[in-house]
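Biologist: I am new to this structure and would like to learn how to read it. Could you take me through some features, one at a time?

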Amino acid sequence: MSSSESALLVIDMQQGLFRGAVTPYHADRVLANICLLIEKARQAKVPIFFARHTGPDDSPFSARSPLTRLLPELGVDDAQEGVFIKKFPSCFRDTPLLSQLREKGIKQLVVTGMKTEFCVDTSCRAAADCGFSVVLVSDAHTTVDNPHLTAEKIIAHHNLTLAGPFVTLSAAAEWHF
């Protein structure tokens, strides 16, 4: 697929999730890999979309809260790149993402971000349902441990179960737009 038909999606890489009470699994490596992909996308002039998850106005995750701000390391250019707010796990539910992707003629969506078992998983499945070829960057999404599974196992499980029917896997260093 040509780079003109691809887009990069960075999901919920924001202060309150990434720099919360619990550090995500391999946080530094994942952030470095996402930044690498952002740089590759910019060099190839591939559209980049950044999702910000927000909650009700009276919650700690209101759109005005510093917790929902994207990480400064991402170097988001609000004037050039698509930053959108979502209130559900799917990046497609009640957001402008689908229409913006279709408007740009995007056929392939490269997915990164957090949390693996929530918004990354849901958005990968939704993108496939919308007819996109989806690439999940296996070392550029993360989560935290839960009472039943370690983050490492959650990530490995999702890489395994999503691969094939929903996504193609790639490592960040191996991916080229």
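Biologist: How far apart are the mean positions of the positive and negative charges in the protein chain?

Modeller: First, the counting: Lys and Arg are positive, Asp and Glu negative, while His and the chain ends are left out. Each charge is placed at NZ of Lys, CZ of Arg, CG of Asp or CD of Glu. In this predicted model, the 17 positive and 19 negative charges of the protein chain have mean positions 2 Å apart.

Biologist: What should I know about the model before going on?

Modeller: The model is predicted, so local features need pLDDT of at least 70 and side-chain atom pairs count only at pLDDT 80 or more, whereas totals for chains, interfaces and linings use all residues. Residues are numbered from 1 along each chain as its sequence is written, and side-chain values use heavy atoms, with hydrogens and water left out.

Biologist: How many helices and strands does the protein chain have?

Modeller: Helices (H or I, at least four residues) and strands (E, at least two) are DSSP runs, numbered from the N terminus. Here there are five helices and six strands, in the order β-α-α-β-β-α-β-α-β-α-β from the N terminus.

Biologist: What share of the residues is buried?

Modeller: Buried means under 20% relative accessible area, exposed over 50%, and partly exposed in between, using a 1.4 Å probe and protein chains only. Of the 177 residues in the protein chain, 49% are buried.

Biologist: Are C119 and C130 buried or partly exposed?

Modeller: C119 has 7% relative accessibility, so this cysteine counts as buried. C130 has a relative accessible area of 26%, which means that this one is partly exposed.

Biologist: Which residues is N33 in contact with, beyond its neighbours within four places in sequence?

Modeller: Contact means heavy atoms within 4.5 Å. N33, in helix α2 (residues 27-43), is in contact with D139, A140 and A172, leaving those neighbours aside. N33 is buried, at 12% relative accessible area. Between N33 and A173 the C-alpha to C-alpha distance is 7.6 Å, although they are 140 residues apart in sequence.
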